[in-house]
Amino acid sequence: AFFDWKRLHMALGEINNKGIPNTMVQIGEKDGKEIFRILIGPYGSKAEAERMRNQLANKGVKGLSVSLSSLK
């Protein structure tokens, strides 16, 4: 399977340049295809994660707040 590593590297660089710490990449599968998610955190509570998601949205970083146990 082909994956655009350059695009992933650039996305991580953009997040880093915005001063966002604690990033990691999670490799998963969706519809039989390998996918990569950029994760930020972890946070101690759902409320804390939601606050960070809102702060990130204000910096132009779109995303979701999810429990790590829900990712496969």
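I15 counts as buried in this predicted model, because its relative accessibility is 9%, and the cut-off for a buried residue is under 20%. This residue lies in helix α1, which covers residues 5-17, and it also belongs to the largest nonpolar core, which has five residues in all: I15, I20, M52, L56 and V61. In soluble globular proteins, nonpolar side chains tend to be buried together.

**Around I15**
- Leaving aside neighbours within four places in sequence, I15 is in contact with I20, T23, I38 and I40.
- I20, which is both a contact of I15 and a member of the largest nonpolar core, has a C-alpha atom 9.7 Å from that of K59, although I20 and K59 are 39 residues apart in sequence.

**The strands β1 and β2**
- Strand β1, made of residues 23-30, runs antiparallel to β2, and eight bridges join the two strands.
- Within this pairing, E29 stands opposite E34, a residue of β2.
- The two strands form a hairpin with two residues between them, and D31 is in the turn.
- In a regular strand the side chains alternate between the two faces of the sheet.

**Helix α2 and its buried side**
- Helix α2 has 13 residues, which at 1.5 Å a residue should span 18 Å, and the distance of 19 Å between its end C-alpha atoms agrees with that expectation.
- The buried residues of α2 are A49, M52 and L56, and because they cover an arc of only 65 degrees around the axis, they are on the same side of the helix.
- An α-helix has 3.6 residues a turn, so residues three or four places apart point the same way.
- These buried residues of α2 pack against β2, the strand of residues 33-40, while M52 and L56 are also among the members of the largest nonpolar core.

**The salt bridge**
- The structure holds one salt bridge, in which the side chains of R53 and E50 meet at 3.2 Å, taken from N to O.
- R53 and E50 are separated by about one helical turn, because they are three residues apart in helix α2.
- Both partners are partly exposed, R53 with a relative accessible area of 27% and E50 with one of 26%.

**After helix α2**
- K59 is found in the segment after α2, a helix that covers residues 46-58, and with a relative accessible area of 41% K59 is partly exposed.
- G60, which also follows α2, has a positive phi, near 90 degrees.

**Backbone features in the loops**
- D31, in the loop between β1 and β2, has a phi near 55 degrees, which is a positive value in a residue other than glycine.
- D31 is exposed, with a relative accessible area of 73%.
- The peptide bond from G41 to P42 is cis, with omega near 10 degrees, and P42 lies in the loop between β2 and α2.

Methods. Residues are numbered from 1 along each chain as its sequence is written. This is a predicted model: local features need pLDDT of at least 70, side-chain atom pairs count only at pLDDT 80 or more; totals for chains, interfaces and linings use all residues. Side-chain values use heavy atoms; hydrogens and water are left out. Helices (H or I, at least four residues) and strands (E, at least two) are DSSP runs, numbered from the N terminus. Buried means under 20% relative accessible area, exposed over 50%, partly exposed in between (1.4 Å probe, protein chains only). The expected span of a helix is 1.5 Å times one less than its number of residues. The arc is that of the directions from the helix axis to the C-beta atoms. Contact means heavy atoms within 4.5 Å. Two strands pair if DSSP finds at least two bridges between them. A nonpolar core is a set of buried Ala, Val, Leu, Ile, Met, Phe, Trp, Tyr and Cys residues joined through side-chain atoms within 4.5 Å. A salt bridge is a side-chain nitrogen of Lys or Arg within 4 Å of a carboxyl oxygen of Asp or Glu.
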